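The following exercises accompany the structure shown below.

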Amino acid sequence: MSARSVLFEWTMQPGTGKAIELRAGRILRIEQVEGRQCVDFNCFNLHDYKEYMHCGRTRTVHGFNPSKGSFLWSAPPRERPLLYILEDTVGRNDVLFPRCSAYLYESAYGFDAHTNCQDIQAEAQREYGLTPDDVHDSFNLFMCTEVTLDGRATITRQESRPGDFVDLLALVDVLAVPNVCGADVMRTSNFALKPIKLTVFQASEADMAAAPKTPILKSQRTPQDFRNATIKSDRALVRDHTYVAEFVNTPILVEDVVVTLSADEAAMFEAIRLPSYEADDGAALRDILFTWWEENFLGATESGAPAIGSP
Amino acid sequence: MAERTVIVRLNQQQIELVDRAVARGAAADRAALIRRALREQAAKSSRRGEAR
């Protein structure tokens, strides 16, 4: 069985980030040098930057703290795993919080120039021709966050130690862009900015085998499926006068299903129907139908992707 | 309680889901599937009640 080989090493100094071409089958290790440092992370399809990591999809599948065994998914309509978290020695990463920004530090702290993840990401991405508008919602490694009972997200201090790391296995060719989080006046990195070590490995056979297979579905569309596959190159939005709407499955048509309930079934219906539907019997019974369907047929594979082959 | 008729309005996507379940043998037809769902959900609710 093949062993990992080191292909590239880099230390990100505080206030910096690094764009790295990470080919499929390679691993990016993001490692604490001094400990307790948050790392913001962006990721793009190396051959089509319009496909990028989607924190919303990722947190829906894997929860608020993706860790070992989670995928980093791209945005719909591509919606496929770009990276797989092969190892994570801490297990506290975040997909709730946005990147910090210059606006944040000026509005809250009075700095008109301050290290911030938006600008650090943008500067790192500029090496590959991307613009500040291309920085996407951030995957925040080693960042400890919580959701309070009243629904707010909060940041707590972290306890990562020197040598702690997260290994990201590329499943497709990507541009991976980690940066040292610029927040030195918040708890995110315990009020200090520290370097972060990056190492790129060639994955071993065992590494590759560790990543579960995810389904390849018709709905995972690429530009060749788009009605408009041309990337807009100007900034203003102007109406296309030739546009004809083609929304999927429209018009939505409805059909009535007549259901005759026995006396016993009528009593069951009254016993379990949701009061919120008030006198709307049809809506109440429809809710029961699809709740039953969800509980019996809706599942998820071990990879966290929606089950396929459902009825 | 007397027998009762309920009209369940479904759109074509919901019908497709129901029809796939029927085709798999989950029930004889759409109405029967809905009645099965009702009975099984009621039984589940009853079991939860007994557990309490």
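**Exercise 1.** In which sense do strand 7 and strand 11 of chain A pair, and over how many bridges?

*Solution.* The model is a predicted one. Strand 7 of chain A covers residues 81-88 and strand 11 of chain A covers residues 165-170. The two pair in the antiparallel sense, over 5 bridges. At the level of residues, E87(A) has D167(A) in strand 11 of chain A as its bridge partner.

**Exercise 2.** Determine which strands of chain A stand at the edges of the open sheet.

*Solution.* The open sheet consists of 6 strands in the order 1-13-3-11-7-6 of chain A, with antiparallel pairing. Strand 1 (5-12) and strand 6 (71-73) of chain A each have a single partner strand, so one side of each is left without a neighbour in the sheet. These two strands therefore stand at the edges. On average, neighbouring strands of this sheet are turned by 25° against each other, direction ignored.

**Exercise 3.** Describe the aromatic pair of F71(A) and Y84(A), and state whether each residue is buried or exposed.

*Solution.* Over all chains, the structure holds 8 aromatic pairs. In the pair of F71(A) and Y84(A), the centres are 4.9 Å apart and the planes form an angle of 50°, which is a tilted arrangement. F71(A) belongs to strand 6 of chain A and Y84(A) to strand 7 of chain A, so the pair ties together parts 13 residues apart in sequence. The cut-off for buried is under 20% relative accessible area. F71(A), at 0%, is buried, and Y84(A), at 8%, is also buried. Ring pairs link F71(A), W73(A) and Y84(A) into a cluster. R57(A) lies over the face of W73(A), 4.7 Å from the ring centre.

Conventions
Residues numbered from 1 in each chain as written. Chains lettered and ligands numbered in written order. Predicted model: local features only at pLDDT ≥ 70, side-chain atom pairs only at ≥ 80, totals over all residues. Heavy atoms only, no water. Pairing = 2+ DSSP bridges. Helix = DSSP H or I, 4+ residues; strand = E, 2+ residues; numbered from the N terminus. Axes fitted to C-alpha atoms, helices over the stretch in contact; angles between N-to-C directions. Phe/Tyr/Trp six-rings, centres within 6.5 Å; stacked < 30°, edge-to-face > 60°. Buried < 20%, exposed > 50% of the residue type's maximum accessible area, 1.4 Å probe, protein only. Lys NZ or Arg CZ within 6 Å of the ring centre and 35° of its normal.
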